[in-house]
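Let's take a walk through this model, from one chain contact to another and then into single chains. Keep the viewer open as you read.

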Amino acid sequence: MASRKRKQKRMLFKSLSNLYAVLVYGFLYAPIAVMMVFSFNDQKVNYYWNGFTLKWYVKLFTDSSIVEYLWNSLFIAGMATLGSVVIGTIGAVGLIRFEFRLKKLVNHSLYIPIVIPEIVLGLSLLLLFEVIRLPLGFTAIILSHITFCVPFVIIIMRGRLSGMDLSVEEASMDLGANRMVTFFRVTLPMLVPGIMSGAFMSFTLSIDDVIISNFVSGPYSTTFPVKILSLVKTGLSPEVNALTTIMIAVILLGLLINSTVQAFIRKRFLTHIKSYF
Amino acid sequence: MNPSESQGEKNTLAKTRNLKRNTLPALTMAGPVTFWMLVFVLLPLLYVVFISFMRRDAFGGIDYHVTLSNYVEILQPVYLKVIWKSIKLALLTTVICILIGYPLAYYIARKPSKLAAKLLMLVMIPFWTNTLVRLYSINLMGQPNGFLNQFLLRAGLISKPLDILYSDGIVVVGLLISMLPFAILPLYASIEKLDKSYLEASSDLGARPAITFLRVTIPLTLPGIVAAVMLVFIPSLGMYYVPEALGGGKVMLIGSLIRNQFLVTKNWPFGASLSILLLLITLIMLWLYTRIAKLDDMEVF
Amino acid sequence: MNEIGEYIISLSNVDKYFGTNHVIQNFHLNVRQGEFLTLLGPSGCGKTTILRMIAGFEDSSGGTIRVQGERVEDKEAFERDVNTVFQSYALFPHMTVFDNIAYGLSVKKVPKSEIKERVKEMLELVQLMGFEGRKPAMMSGGQKQRVAIARALINRPKVLLLDEPLGALDLKLRKQMQIELKRLQKKLNITFIYVTHDQEEAMTMSDRIAVMNGGVLEQLDTPDQIYKHPKTKFVADFIGESNLFDGIAKPAESISAHMENGTIQKEFTVLTASGIFPLVQNVTEESCSVTKEPLDSGSGLPLTVCVRPEVMKYSKCPVEGFSLSGVIKNVIFVGSQYRSLIVMDNGYEVRVNRIKPDQTVSEGERVFLFWDLEDASCIFQRKEG
């Protein structure tokens with residue numbers, strides 16, 4: 001048996017490391033907790049607690065322009081996700097399958113949006129839209145978001161493709177399907193998990209982006225984070241806290257449901273398979 | 001007919017068939033991404049390099065005359081100070097991120113995989129809530145009559161409110177809050193990959209835990225550390241919304257400077273030259289990274 | 001205490017739980033100085049866990065572990081005078097061969113000049129002179145193996161623990177390394193505790209073998225004894241090939257006990273489902289204590305008789321005392337020998353190995369089995385409690 005001293009030492013180390021983890025998580029979550037608490041605070045200038053209220057939630061749904069910006073962000077994120085997944089998925093397959101002169105250049109340039117500071121990408125896109133005389137606004141934001149999402153989608157898809165047995169494609173063509181049919185009926189279904197995680201990544205990146213959107217959004221159409229950035233200096237009104245609290249609740253619920261949904265699907269799938277045997 | 005001729009004929013035949021079979025699909029599949037990368041990434045970047053050598057005209061546009069004046073202007077003490085401060089704060093943020101993130105990543109990596117996945121999720125969730133709102137919360141906490149000062153006053157630890165906001169310190173805290181998850185993920189990945197038998201071997205050979213950590217754990221997780229440094233340092237350097245949300249106008253960093261050149265004062269050529277400087281620093285970091293990674297590739301694998 | 005002090009490693013009453021899983025059960029093991037002892041068993045039998053508890057990587061849940069008579073449960077791995085050669089070698093990938101071997105000395109702050117001297121000595125011992133500057137990734141499996149051994153031995157441990165060290169090598173290299181390891185062990189006179197699941201490896205190298213199964217020590221004996229006199233059915237089955245007959249032994253009608261070298265030999269008749277055969281057994285105190293019943297009790301004694309395929313004989317006509325008959329199902333040539341499979345009347349299959357083909361019988365023919373009485377060994381069924 002391990003001696004008591006050795007065990008005590010281990011217990012001490014264990015409790016210390018638990019304490020440490022709690023502290024770090026506390027640091028990460030403190031701002032969120034404060035924000036949630038203040039969303040129920042009966043006080044416009046949110047410095048101290050002045051009693052419980054739900055009026056910010058009421059205000060949020062009755063008269064507030066903030067929600068509009070959230071819808072803008074969701075719309076932009078949706079479009080950017082769609083665009084980057086289509087271009088990225090087809091592009092990933094194309095970049096693996098075919099040899100062409102610009103391939104190396106394209107492969108290298110994929111890393112540029114990932115590694116360079118966002119601000120540089122933002123201003124270069126601003127310059128581009130200026131040169132091609134594209135008015136700043138929704139279109140510009142969506143095009144910009146697609147630009148920084150495509151590389152992530154391609155890298156995720158590549159990981160998926162490299163682990164895939166490509167002989168099934170040859171089998172498909174051997175059985176008489178042309179390239180088009182093979183892509184849609186064999187390759188694409190195999191890529192679905194990669195597409196899902198690529199889409200998830202794109203959506204997350206797009207909806208949280210401040211810097212690039214800040215450069216390419218015009219004065220009239222802007223996203224939720226950019227709006228908040230402009231409000232931070234003058235002071236956020238508490239309905240933003242209320243809105244963010246709701247958003248976090250949705251995310252947490254989504255995560256919860258996600259695992260239950262997965263469990264549900266797995267169960268259905270298993271019984272489905274079992275019924276064949 | 002001589003054999004080589006027929007061979008050549010076959011080759012051209014194969015080529016035309018190849019063209020028919022491959023060019024169209026290649027164009028439809030690799031075409032869009034190629035177009036996108038060229039038009040939206042490479043050409044704009046080249047244009048930034050180009051205008052960094054141009055002059056600003058009187059109306060905030062670009063006067064197409066080659067000049068080095070933008071780069072000379074960077075050397076003015078005012079700007080050098082801003083650049084130096086940006087590097088200093090980004091470095092500080094990076095070091096603290098690693099110092100805080102490494103033990104936590106280690107803690108998570110040594111948990112059973114199911115629990116580890118949940119703990120990592122917990123690290124990521126704040127990242128999905130709007131960064132600016134979180135920064136604003138810190139702003140509120142740090143106000144002279146805010147929650148933190150009230151608490152300290154009531155506890156009798158201070159006699160008058162501390163000047164928490166608008167300092168370099170609070171900017172670093174803000175950077176930490178927004179960057180910590182990016183440090184923890186690569187650190188976790190490399191620590192999780194670390195084979196426990198190396199640690200056992202070191203202990204078996206008589207090394208105390210501290211020595212094992214310094215001589216085995218750290219060197220073997222170096223790629224993760226370097227990746228974490230990259231992922232924290234580069235965004236921190238070009239960051240402008242953190243100083244804006246927490247530093248008021250008082251903490252000026254290179255990111256804010258560039259942004260102002262483009263969105264406020266409309267001196268695009270100067271802004272471009274500043275961002276080229278930022279790119280150069282990034283490239284130096286990348287070069288260092290590939291050097292370490294390559295060293296790793298050659299000698300570990 | 002004194003008695004235990006004679007052994008370099010001594011485990012008594014050692015238990016180990018992983019959660020609620022009882023992986024080591026009341027384990028006793030005494031290892032002598034300079035001995036090559038092998039822990040042999042199928043995967044999951046707990047042999048590696050025993051090794052890891054001795055090394056200090058795993059806490060025992062109960063019992064005592066002594067190294068040179070001194071209890072070590074309180075000591076961390078880095079405080080114990082034993083060293084390990086890992087299954088995966090665990091060579092530090094970021095260090096050169098020299099730094100790997102020097103590691104143990106350098107963490108003990110041995111002077112640089114001495115380290116250099118001793119590393120050189122070790123490189124000579126494992127025949128890797130000139131490889132100092134290489135990284136492990138640039139070496140073959142056999143070379144890595146030698147570095148791992150050198151790295152452990154340079155600390156002059158009292159005991160070297162080896163966890164399936166040859167598992168990753170191909171057959172030819174493995175045979176070569178077996179000989180080399182044995183040579184090193186004899187030359188340095190260091191105690192080796194060696195873990196393997198390869199019985200042939202265990203047989204060729206060990207002074208003694210501890211056969212384990214399901215966290216329990218089945219038998220601890222010399223290779224020769226383990227093969228010739230397996231004490232449990234598991235050992236008989238796991239080590240080599242064997243034909244096992246479960247049955248009941250009854251004292252022979254004409255009781256003829258005779259003395260030989262101080263022990264009493266008794267004759268029995270064994271009744272099994274496959275037939276009847278005679279058995280001569282030394283009645284020693286040990287066999288009585290195992291069965292907790294006098295061997296010549298009238299009701300008969302349940303036991304299992306083990307006859308190895310190479311000592312099993314057959315003929316075309318019955319042999320006196322034996323009534324075991326079956327039909328030859330097939331004969332297969334496997335390179336070094338001819339293997340015959342004989343199906344007994346009750347369906348039990350008996351294996352017979354011959355170096356030369358037997359021309360006198362053919363497949364499908366009925367034969368009668370017998371053996372020299374001293375070639376059979378019997379396994380008493382342990383009684384619980």
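Start where chain A meets chain C: the count there is 2 salt bridges, a salt bridge being a side-chain nitrogen of Lys or Arg within 4 Å of a carboxyl oxygen of Asp or Glu. By class, the chain A side that touches chain C has 2 nonpolar, 1 polar and 2 charged residues; here Ala, Val, Leu, Ile, Met, Phe, Trp, Tyr, Cys and Pro count as nonpolar, Asp, Glu, Lys and Arg as charged, and the others, Gly among them, as polar. One salt bridge to look up joins the side chains of Arg10(A) and Asp59(C), at 2.6 Å from N to O.

A word on ground rules: this is a predicted model, so local features need pLDDT of at least 70 and side-chain atom pairs count only at pLDDT 80 or more, while totals for chains, interfaces and linings use all residues. Residues are numbered from 1 along each chain as its sequence is written, chains are lettered from A and ligands numbered from 1 in the order in which they are written, and side-chain values use heavy atoms, with hydrogens and water left out.

Back at chains A and C, 5 residues of chain A are in contact (heavy atoms within 4.5 Å) with 11 residues of chain C. About 660 Å² is buried between them, with carbon and sulfur atoms giving 30%; buried area is the accessible area (1.4 Å probe) that two parts lose on being put together, summed over both.

Now turn to chain B. The contact takes 76 residues from chain A and 75 residues from chain B, and the area buried between the two is about 7,000 Å², of which carbon and sulfur atoms give 80%. Helix α1 (residues 4–38) of chain A brings the largest share of chain A's side, 14 residues; helices are DSSP runs (H or I, at least four residues), numbered from the N terminus. By class, that side has 59 nonpolar, 13 polar and 4 charged residues. How many salt bridges link chain A and chain B? The count is 0.

Over all chains, the count comes to 27 salt bridges. One of them, 3.4 Å from N to O, pairs Arg259(B) with Glu244(B). Arg259(B) lies in helix α12 (residues 254–263) of chain B and Glu244(B) in helix α11 (residues 241–246) of chain B, so the pair ties together parts 15 residues apart in sequence.

How values were computed. Helix = DSSP H or I, 4+ residues; strand = E, 2+ residues; numbered from the N terminus.
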